[in-house]
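Student: Could you walk me through a protein chain, one question at a time? I would like to learn how to read the picture step by step.

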Amino acid sequence: ATYDTVELLELASAIGQRLGSAAEPQHEAERAGDLRHSRARVELAKDVLGFEAHHDLASGLERTLVSR
């Protein structure tokens, strides 16, 4: 498992590739309250919940989207 940062456009691209979609994201003007950056505190989830990631982005998407 990895704890690398994944940009939103990277995630959208990975999902599109897995689904065979050539759709392009539409960019709109920023809105009040939009977050520019967000990062999960995986170490806190591990300490409090016992969570530990077992999949990287590609394998996680594969497991998630295969049932769709």
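Student: Is Gly-16 buried or exposed?

Tutor: This is a predicted model, where local features need pLDDT of at least 70, side-chain atom pairs count only at pLDDT 80 or more, and totals for chains, interfaces and linings use all residues. Residues are numbered from 1 along each chain as its sequence is written, and side-chain values use heavy atoms, with hydrogens and water left out. Buried means under 20% relative accessible area, exposed means over 50%, and partly exposed is in between, with a 1.4 Å probe and protein chains only. Gly-16 has a relative accessible area of 13%, so Gly-16 is buried.

Student: In which helix is Gly-16 found?

Tutor: Helices here are DSSP runs (H or I, at least four residues), strands are runs of E with at least two, and both are numbered from the N terminus. By that numbering, Gly-16 is found in helix α1.

Student: What separation do the C-alpha atoms of Gly-16 and Ser-38 have?

Tutor: Along the chain, Gly-16 and Ser-38 are 22 residues apart.

Student: Where does Ala-53 lie, and is it buried or exposed?

Tutor: Ala-53 lies in the loop between α2 and α3. Its C-alpha atom is separated by 8.6 Å from that of Val-42, eleven residues apart along the chain. The relative accessibility of Ala-53 is 17%, so Ala-53 counts as buried.

Student: How many salt bridges does the count come to?

Tutor: A salt bridge is a side-chain nitrogen of Lys or Arg within 4 Å of a carboxyl oxygen of Asp or Glu. One of them joins the side chains of Arg-36 and Glu-30 (2.6 Å, N to O), and both of these residues are exposed. By this rule, the count comes to three.

Student: Which helices hold the residues of the Arg-18 and Glu-62 pair?

Tutor: The side chains of Arg-18 and Glu-62 meet in a salt bridge at 2.8 Å, N to O. This pair links distant parts of the chain, 44 residues apart, with Arg-18 in helix α1 and Glu-62 in helix α3 (residues 57–65). Arg-18 counts as partly exposed at 32% relative accessibility. Glu-62 counts as partly exposed at 36%, and the helices you asked for are α1 and α3.

Student: What do Arg-31 and Asp-34 count as, by relative accessibility?

Tutor: Their side chains meet in a salt bridge, at 3.7 Å from N to O. Arg-31 has 62% relative accessibility, so it counts as exposed. Asp-34 has 36%, so it counts as partly exposed.

Student: Which residues make the nonpolar surface patch?

Tutor: Patches are made of residues with over 30% relative accessible area and no salt bridge; like charges are joined within 9 Å, and nonpolar side chains (Val, Leu, Ile, Met, Phe, Trp, Tyr) within 5 Å. Accessible areas come from the Shrake-Rupley method with a 1.4 Å probe, and for residues only the protein chains shown count as cover. Val-48, found in helix α2 (residues 42–49), is exposed with a relative accessible area of 59%. The patch of about 420 Å² is made by Leu-44, Val-48, Leu-49 and Phe-51.

Student: And which residues form the negative surface patch?

Tutor: Asp and Glu count as negative and Lys and Arg as positive, while His and the chain ends are not counted. The place of a charge is taken as NZ of Lys, CZ of Arg, CG of Asp or CD of Glu. Asp-4, in the segment before α1, is exposed with a relative accessible area of 59%. The negative patch is formed by Asp-4, Glu-7, Glu-10 and Asp-56.

Student: What is the radius of gyration of the protein chain?

Tutor: The protein chain has three helices and zero strands. The radius of gyration is taken over C-alpha atoms, and the globule rule is 2.2 Å times the number of residues to the power 0.38. That rule gives 11 Å for 68 residues, and the chain is well over it, so it is more spread out than a compact globule, with a radius of gyration of 15 Å.
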